[in-house]
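Subject: Structure for you to look at

Hello,

Here is the structure I promised to pass on. Please open it first, then read the notes below.

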Amino acid sequence: MKASLLLPLLLLAVACQAPGNKNTIPLAGDWNFKADPQSLGIGEKWYQSELPEKIHLPGSMTENEKGDSITLDTKWTGEIVDSSWFKNQAMDKYRQPGNFKVPFWLQPEKYYTGMAWYQRKIKIPGSWKGKNIRLFLERCHWETHVWVDEQDAGTENSLGTPHIYNLTSLLTPGTHTLTVCVDNRIKEINVGMNSHSISDHTQSNWNGIVGKMELEARSPVFISQISVYPELKNNQANVKITIQNTGNSQVPATLSVTGNAIGNADEKIGGLRIDTTLIPGANEIEVTCPMGDHPNLWDEFEPNLYRLNVGMTDGDGNEHNNEVTFGMREFKFRKTQFTINGRPLFLRGTLECAIFPKTGYPPTDTDSWMRIFRIARAHGLNHMRFHSWCPPEAAFIAADFAGFYLQIECSSWANSGASIGDGKPLDKYLYDESERMIAAYGNHPSFCMMLYGNEPAGANQEKWLTEFVTYWKNKDPRRLYSSGAGWPLLEVTDFNSNPNPRIQAWGEGLKSIINAQPPRTDYDWTDRLTDQGKPTVSHEIGQWCVYPDFKEINQYTGVLKAKNFEIFRESLQEHQMEQYADSFMLSSGKLQALCYKADIEAALRTKGFGGFQLLDLHDFPGQGTALVGVLNPFWNEKGYISPAEYSEFCNSTVPLIRFSRMTYNSNETLTAAAEIAHFGFYDLAGISPAWKIRNSKGRVISRGTLPKMDIPTGNLIKLGEIRQPLGSITEPEKLTVTLEVGHFQNHWDIWVYPALLPEIEHDILVTQQLDSRAIEALENGGKVILTPVKGSLKAEKGGDIAVGFSSIFWNTAWTKGQAPHTLGILCNPRHPALTDFPTEYHSNWQWWDAMSHSNAIILSDFPADIKPIVRIIDDWFTNRPLAMIFEANTGNGNIIVCGVDLLTDADKRPEARQLLYSLKRYMAGTDFHPAVKLSTDKLQALFD
């Protein structure tokens with residue numbers, strides 16, 4: 001059954017997740033409340049008296065407008081790498097009462113860290129006498145401590161699973177006072193201040209209780225756990241049932257195990273009946289449930305699900321039922337490739353970092369999660385990593401139905417003051433938390449991978465993680481296990497999470513493939529796969545930034561506000577460029593999408609690769625503001641790439657072409673190898689790949705077909721060679737090469753320039769220095785192109801701005817100024833100076849040469865009416881007016897200042913040769929009349 005057909009059955013599946021017992025008392029509503037910032041409540045026994053304020057649950061303190069106003073002394077949870085906000089004079093106005101605005105993450109209206117008390121009266125009916133009573137709090141943040149009347153009921157501290165209390169001995173029929181103290185401080189258990197389970201970088205360190213809140217009464221003998229272990233080779237499911245007998249004597253009981261396929265009630269499974277005797281305490285019963293000769297399997301293409309019901313009747317006539325859903329699937333690996341039900345699988349993933357600006361905490365309803373997975377699927381993804389946190393059950397339910405493979409982590413990023421393997425309380429907590437996670441969510445077929453968490457620290461981390469992974473591999477084979485996301489790479493793991501296979505790394509700056517090497521698509525990561533005996537998933541690829549979309553500010557109608565965006569917008573206004581805000585966003589967005597295409601295709605070209613995890617499909621609002629998504633934090637599109645366009649290069653099947661370069665001369669022949677990465681549901685039979693080349697007007701100038709073939713599942717499947725002489729191209733031209741394979745297509749832009757350029761009969765001085773010769777030419781009414789060597793500008797004039805081709809990586813604040821510092825170009829493609837250098841309004845591969853040889857010229861000291869022919873888009877933290885190319889009237893002559901060095905090694909740089917020709921032809925024509933007067937002193941001030 002296809003995923004789209006399963007969506008109408010979602011409500012049925014949700015019902016199947018709930019226990020059949022209807023003896024519940026909902027606890028949602030108004031509670032009494034009191035904050036306890038000085039931690040006085042336990043010593044003063046606040047649970048003995050009525051708390052004075054009111055608050056609504058489920059919800060957080062912030063949602064209820066409880067807490068403190070933001071001040072300079074707010075004790076945030078999360079590392080602040082760039083502390084300039086606290087001392088930078090330019091930021092002083094944002095440190096004033098009434099105008100507090102922080103740039104390093106989204107900002108709540110109220111903030112609170114510490115103990116907070118929640119209290120209400122509950123009435124237990126007489127029919128509950130003698131029953132087992134539990135308190136269920138679906139998601140608490142963080143530690144809870146519960147009292148019934150004056151009796152201490154204990155504490156729970158899970159970040160990723162419900163807090164459940166056995167209150168049987170404390171709740172007799174009648175009225176009682178239930179008090180819950182919630183403490184969201186980091187105490188002896190330190191999961192890491194940047195962990196997305198607790199950090200203000202993403203969801204916020206909220207205090208409260210959300211999701212389902214209820215009291216439930218069950219029989220004294222009840223089914224507490226059902227664990228289903230699919231076994232495909234024998235068409236059966238092995239079921240482990242835990243039954244709790246809370247009495248003091250043995251009890252005879254009869255179990256029934258039945259079920260059916262969700263969406264097809266006639267497809268029955270089970271039909272088992274078991275007679276047993278239950279001793280006091282926990283009873284473990286294992287049964288084998290036959291699934292028929294051809295069970296429906298679960299995967300991304302056909303996410304088939306089953307409902308399993310275990311019913312029990314004990315000797316006293318008490319009944320209890322419990323239901324779970326599960327999928328028949330095997331998520332394994334064969335050599336370096338993941339497999340799903342025996343078929344090769346390539347993970348195309350993104351991160352979910354607990355980014356929920358409306359509420360500040362993750363949703364607990366399935367509709368919200370179904371929307372997220374629908375959007376991710378529309379962009380060609382099949383996998384999601386939950387970075388240092390575990391989502392609520394609604395996410396697993398939605399992923400089950402959507403056919404998404406999930407990587408879940410145990411709520412920890414043990415770094416920046418935290419560590420593992422050193423004997424600290426966190427070591428035990430991670431075992432406890434992982435046990436709770438498997439018990440709560442282990443049956444979900446979408447729960448495919450589990451790790452301790454992200455990028456750990458600790459001198460003994462490798463030993464500890466080896467033991468942790470070994471423990472879970474031996475205990476539960478339903479999923480694959482690795483150490484930490486990013487590192488360490490250990491022999492014991494099922495797969496590697498490795499940051500090396502990507503086109504830009506932390507600290508690599510302008511030495512990365514995308515910035516140091518001319519553009520091409522013929523490389524892959526074969527030499528970066530460190531362990532050929534298991535799959536590799538590339539860790540956090542991408543991290544490509546886009547300029548802020550200030551229209552997004554109005555979408556922050558919940559508890560978190562985009563005060564950071566307000567700072568950046570005001571900075572742009574101060575530099576008198578507010579009118580360019582949308583253009584900066586759209587232009588840098590086009591470059592961002594190009595960078596992601598390069599990253600993803602390199603992964604798809606790598607034989608035997610396990611997959612990738614993007615950082616990110618949507619923006620990350622913390623860590624200094626990392627605008628790395630083609631979608632915003634609400635999973636909404638920004639307008640520069642559609643899901644359909646994105647899924648051309650990110651999908652289960654992606655046609656690929658290996659270009660040795662993206663720029664050609666007209667006397668050359670385009671020769672490129674076509675291949676395909678195909679990880680679809682079926683092999684493709686009898687396919688005739690076809691290619692075509694269009695010019696910028698959309699006219700097909702050439703086409704061809706490749707040999708007809710059957711395409712198996714896998715990648716690096718060679719389709720043939722594309723050969724096309726380019727002699728018919730007489731004018732500079734952008735061409736688009738499209739490769740179609742069945743219903744899938746992908747395309748690439750290339751550029752062809754005339755091999756011979758005509759001489760321009762005009763006296764134009766082209767110089768790398770504003771020397772006496774250039775000044776004399778200008779004074780005598782001449783025309784000059786100033787094309788200085790890269791790095792020759794004064795630092796304060798732009799010389800310290802690291803210009804590269806790519807977009808900014810992550811952001812400059814969190815990376816301490818990692819290059820590049822810019823976001824590509826913005827130009828008017830119809831400007832006559834660019835007539836012979838075909839371009840869009842944004843960066844594309846033909847600009848790589850220029851950006852790689854360019855200075856960024858700061859125009860702050862120049863006349864405000866200078867409008868660059870080509871702008872360079874600055875970092876949103878600084879918003880300096882930057883030019884690559886501008887024109888002016890200087891002396892008695894006219895000048896074009898081109899920040900690009902167009903002369904050095906020009907014979908090896910066809911793009912530089914063509915751009916210089918285009919500028920010279922413009923200057924020789926009738927359109928070249930710079931209106932803005934600029935003194936030579938201003939120009940000379942650019943240089944040492």
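Met 384 stands opposite Leu 406 in β27. Strand β26 (residues 383-386) and strand β27 (residues 405-409) run parallel and are joined by 3 bridges. Helices (H or I, at least four residues) and strands (E, at least two) are DSSP runs, numbered from the N terminus; two strands pair if DSSP finds at least two bridges between them.

The model is predicted, so local features need pLDDT of at least 70 and side-chain atom pairs pLDDT 80 or more, while totals for chains, interfaces and linings use all residues. Residues are numbered from 1 along each chain as its sequence is written, and side-chain values use heavy atoms, without hydrogens and water.

The open sheet has 8 strands in the order β30-β28-β27-β26-β25-β35-β33-β32, with parallel pairing. At its edges are β30 (480-481) and β32 (496-498), each with a single partner strand, so one side of each has no neighbour in the sheet.

Helix α3 (residues 366-378) packs on the sheet and touches β25 (347-352), β26 and β27 (contact means heavy atoms within 4.5 Å). Helix α5 (residues 425-441) also packs on the sheet, touching β27 and β28 (447-451).

Which residues of α5 meet α6? They are Asp 427, Leu 430, Tyr 431, Ser 434, Glu 435 and Ile 438; their counterparts in α6 include Trp 464 and Phe 468. The residues of this contact of α5 with α6 divide into 7 nonpolar (Ala, Val, Leu, Ile, Met, Phe, Trp, Tyr, Cys and Pro), 1 polar (the others, Gly among them) and 4 charged (Asp, Glu, Lys and Arg).

Regards

Methods:
Axes are lines fitted to C-alpha atoms, for helices over the stretch in contact, and angles run from 0 to 180 degrees between N-to-C directions.
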